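Subject: Structure handover

Hi,

Here is the structure I promised to pass on. Please open it and keep it beside this email as you read.

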Amino acid sequence: MTYTVQMPRYGATMEEGTVAFWSVRIGDQVSVGDVLAEIESEKLTNELRTEESGVVLDVLVNIGESVPCG
């Protein structure tokens, strides 16, 4: 079974986030709570943590790219 990580909404007005840094690479093993990436929004930077354990199969967004929430 696969799990796709979506851009979270860190604040009521956040519409999109920008990937500032990836903490994982394809093939890395991750556990619940591990930091996957740093996400920048208009006002702050947040850590994106995984909600599932498993192996990173793909990275769909490059550093510097913005993605809509959800």
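**Starting from Val-67**

Val-67 lies in strand E6. Keep in mind that the model is predicted. Set aside the neighbours of Val-67 within four places in sequence. Its contacts are then Met-7, Glu-16, Gly-17 and Val-61.

How far apart are Val-67 and Ala-37 in space, C-alpha to C-alpha? The distance is 13 Å. In sequence, 30 residues separate the two.

Now take Ala-37. Again leave out neighbours within four places in sequence. Ala-37 is then in contact with Phe-21, Trp-22 and Ser-23, and also with Asn-46, Glu-47 and Leu-48.

**Strands**

Strand E1 covers residues 16-22, and strand E3 covers 35-40. E1 and E6 run antiparallel, joined by 3 bridges. Look for Glu-16, which stands opposite Pro-68 in E6.

E1 also pairs with E3. These two run antiparallel as well, with 4 bridges between them. Which residue in E3 is the bridge partner of Phe-21? That partner is Glu-38.

**Core**

The largest nonpolar core has 8 residues. Ala-37 belongs to this core, together with Met-7, Met-14, Val-19, Ile-39, Leu-48, Val-61 and Cys-69. Two of these names came up above: Met-7 and Val-61 are both contacts of Val-67. Leu-48 is a contact of Ala-37.

**Pockets**

Rolling a probe the size of a water molecule over the atoms shows where empty space is left.

The largest pocket holds about 740 Å³ of space. It is lined by 28 residues, and the closest to its centre are Tyr-3, Thr-4, Val-5, Leu-36 and Asp-58. Which strands each supply at least two residues of this lining? They are E1, E3, E5 (54-55) and E6 (66-68). By class, the lining has 19 nonpolar, 7 polar and 2 charged residues.

The second largest pocket holds about 240 Å³. Its lining includes Tyr-10, Gly-11, Thr-13, Met-14, Glu-15, Glu-16 and Thr-18. Glu-40, Ser-41, Glu-42, Lys-43 and Leu-44 line this pocket too. Here the classes divide into 3 nonpolar, 4 polar and 5 charged residues.

Met-14 lines the second largest pocket and is part of the largest nonpolar core. Glu-16 also lines that pocket, and Glu-16 is in contact with Val-67.

Best wishes

Terms used
Residues are numbered from 1 along each chain as its sequence is written. This is a predicted model: local features need pLDDT of at least 70, side-chain atom pairs count only at pLDDT 80 or more; totals for chains, interfaces and linings use all residues. Side-chain values use heavy atoms; hydrogens and water are left out. A nonpolar core is a set of buried Ala, Val, Leu, Ile, Met, Phe, Trp, Tyr and Cys residues joined through side-chain atoms within 4.5 Å. Buried means under 20% relative accessible area, exposed over 50%, partly exposed in between (1.4 Å probe, protein chains only). Contact means heavy atoms within 4.5 Å. On a 1 Å grid over the protein atoms alone, a cavity is a set of points where a 1.4 Å probe fits but cannot get out, and a pocket is an open set with protein on both sides within 12 Å along at least five of seven lines; lining residues have an atom within 4 Å of a point. Grid points are joined across faces, edges and corners, and a volume is the space filled by probe spheres set on the points. Ala, Val, Leu, Ile, Met, Phe, Trp, Tyr, Cys and Pro count as nonpolar, Asp, Glu, Lys and Arg as charged, and the others, Gly among them, as polar. Two strands pair if DSSP finds at least two bridges between them.
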